[in-house]
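Here is my note on the model you sent. Please keep the structure open while you read the points.

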Amino acid sequence: MKTKVIISNSSFLIRVDAEEILYIASDGSYTNMTLTDGRQHVFSFNLSSFEKLLEQQLGPDSAIFVRLGRCLIINVQCIYSIDIIKQELILVGKIASKEYTLNVPKDALKNLKKLLEYNINRKRIEL
């Protein structure tokens, strides 16, 4: 998938491949987007608006993004590890292999783990 996402506000516009978005974190009424190469961009709208924007522009391809609770959207293609006990999610970008460790509540990590395992098992059955 090489689909571009265009994100803009009153004074800034960015056009980026969806796969380059590592995660999007809420910070009050602002949203911080981190790309796989480490670049970060701040937007003056909330996470729900960002989620809708991804769904509108990507359609079914927006399934690579999963919302974890109130504060975080991640690119599931970049998941390296999930540690429920430590409440850690490690993401690694495909281009730059830098690790990003995010602190995520246990319930959100449990649900994410179940979702990934379900999708893996479903693909095995389809084959």
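1. Is glutamate 51 buried, partly exposed or exposed? Glutamate 51 counts as partly exposed, because its relative accessibility is 26%. Buried means under 20% relative accessible area, exposed means over 50%, and partly exposed lies in between (1.4 Å probe, protein chains only).

2. A word on the source. This is a predicted model, in which local features need pLDDT of at least 70, side-chain atom pairs count only at pLDDT 80 or more, and totals for chains, interfaces and linings use all residues. Residues are numbered from 1 along each chain as its sequence is written, and side-chain values use heavy atoms, with hydrogens and water left out.

3. Back to glutamate 51. The residue sits in helix H1, residues 47-58. Helices (H or I, at least four residues) and strands (E, at least two) are DSSP runs, numbered from the N terminus. Beyond its neighbours within four places in sequence, glutamate 51 contacts Arg67 and Ile73. Contact means heavy atoms within 4.5 Å. Arginine 67 is 16 residues away from glutamate 51 in sequence, and the C-alpha atoms are 8.1 Å apart.

4. Overall layout. The protein chain has two helices and 10 strands. From the N terminus, the elements run β-β-β-β-β-α-β-β-β-β-β-α. The C-alpha trace spans about 45 × 35 × 25 Å along its principal axes.

5. Burial and surface. Of the 127 residues, 35% count as buried. The accessible surface is about 7800 Å², and 49% of this belongs to carbon and sulfur atoms. Areas come from the Shrake-Rupley method with a 1.4 Å probe; for residues, only the protein chains shown count as cover. Among contacts with a separation of 6 or more, 39% join residues 24 or more positions apart.

6. The five-stranded sheet. This open sheet has the order S5-S4-S3-S7-S6, with antiparallel pairing. Strand S5 (40-43) and strand S6 (65-68) are the edges, each pairing on one side only. Two strands pair if DSSP finds at least two bridges between them. Neighbouring strands here are turned by 20° against each other on average, direction ignored. Strands S3 (residues 21-27) and S4 (residues 30-35) run antiparallel and are joined by six bridges. Tyrosine 23 has threonine 34 in S4 as its bridge partner. H1 packs on this sheet and touches S3, S4, S5, S6 and strand S7 (72-75); its direction makes about 150° with that of S3. Axes are lines fitted to C-alpha atoms, for helices over the stretch in contact, and angles run from 0 to 180 degrees between N-to-C directions.

7. The cores. The largest nonpolar core has 19 residues; Ile7, Ile21, Ile24, Met33, Phe50, Leu54 and Phe65 touch the most other members. Such a core is a set of buried Ala, Val, Leu, Ile, Met, Phe, Trp, Tyr and Cys residues joined through side-chain atoms within 4.5 Å. Strand S1 (4-8), strand S2 (13-17), S3, S4 and H1 each give two or more residues to this core. H1 supplies the largest share, five residues. A second, separate core of 16 residues includes Ile74, Leu91, Leu109 and Leu112.

8. The three-stranded sheet. Its order is S8-S9-S10, open and with antiparallel pairing. Strand S8 (79-83) and strand S10 (99-103) are its edges. Neighbouring strands are turned by 15° against each other on average, direction ignored. Four bridges join S8 to strand S9 (residues 88-92). Serine 81 has isoleucine 90 in S9 as its bridge partner.

9. Leucine 89 lies in strand S9. Leucine 89 counts as buried because its relative accessible area is 0%. Glutamine 87 is in the loop between S8 and S9. Phi of glutamine 87 is near 60°, a positive value in a residue other than glycine. At 33% relative accessibility, glutamine 87 is partly exposed.
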